[in-house]
Amino acid sequence: MSNKIRLEAIRHQVAIAGQVKDAQTKQVIPGAVVEIADMPERLKSKLDLLAGLYGDDWEKRVERPDRTRTRVDGYFYFQDLPDGSYTLTASLLGTGTRYSADPTIKTIPPGSDHESDQTEVHVSSDPETGAMAIPTVNFYFQPTALKGNVTNSDDGEAVVMAKVEIEGSGEYTFTDNDGNYLLSSLEASTDKSSARPVKVKVVAQGYQKETSQLVDLNQGQVTTHNLVVVKV
């Protein structure tokens, strides 16, 4: 009789997946914390059991059955969830006032390519195969941002590849082929009751340097500010 132990790999199934993104640029945001806020009783019972096992360390754990972080590609997922309805939340760490506190939630039902405003998703597994139809939950955080266009004073035509920067901060971007610019994920005022005033400078070949009037930045809001430059 053999006393060898046969080991088999445990297979996990993704039940819910999604991404966290900048609402303006659509760039992904790594390191965001995604949590399950509402869940079936079966999962609640499992979490209560784990909380008792881990004690005081339970709340400090980032990776849990009901909590995870987005990867470098902005993706997250939850595995091996029981069938039922779920609602997720997301929050950002270490971003200061660069984004709004509350994201917009968009969901995509299994088998669809279109985002919905429905915030609740349903997890269900095939009774015969056990395979899961995976719903998608995407979070869009509105950035503190500044956007607008740059035109010349002679004929109002767009100025392409003009450098638009926030004076004294090192934050800058360039206008596109239509003269439009977007500076996203900017710091707002640490005092939420007041805005952060900034000066915007434009540098474009063949044009005079011009510093705009003060522009106010508010957390989680996109401010539009158009700029006009004068030819040398």
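Biologist: Is strand β9 (residues 145-152) largely enclosed or open, and how many of its residues are buried?

Modeller: In this predicted model, local features need pLDDT of at least 70, side-chain atom pairs count only at pLDDT 80 or more, and totals for chains, interfaces and linings use all residues. Residues are numbered from 1 along each chain as its sequence is written, and side-chain values use heavy atoms, with hydrogens and water left out. Buried means under 20% relative accessible area, exposed over 50%, partly exposed in between (1.4 Å probe, protein chains only); strands are DSSP runs of E, at least two residues, numbered from the N terminus. The strand is largely enclosed by the rest of the structure because the buried residues of β9 number 6 of the 8.

Biologist: Which strand pairs with β9 in the antiparallel sense?

Modeller: Strands pair if DSSP finds at least two bridges between them. N149 stands opposite N180. Over 4 bridges, the antiparallel partner of β9 is strand β12 (residues 180-183).

Biologist: Which residue of β16 stands opposite V150?

Modeller: β9 and strand β16 (residues 227-229) run parallel and are joined by 3 bridges. In β16, the residue opposite V150 is L227.

Biologist: Which residue of β15 stands opposite K147?

Modeller: Strand β15 (residues 222-224) pairs with β9 in the parallel sense, over 3 bridges. Opposite K147 stands T224.

Biologist: What is the relative accessibility of V160?

Modeller: V160 lies in the loop between β9 and β10 (163-166). V160 counts as partly exposed, because its relative accessibility is 41%.
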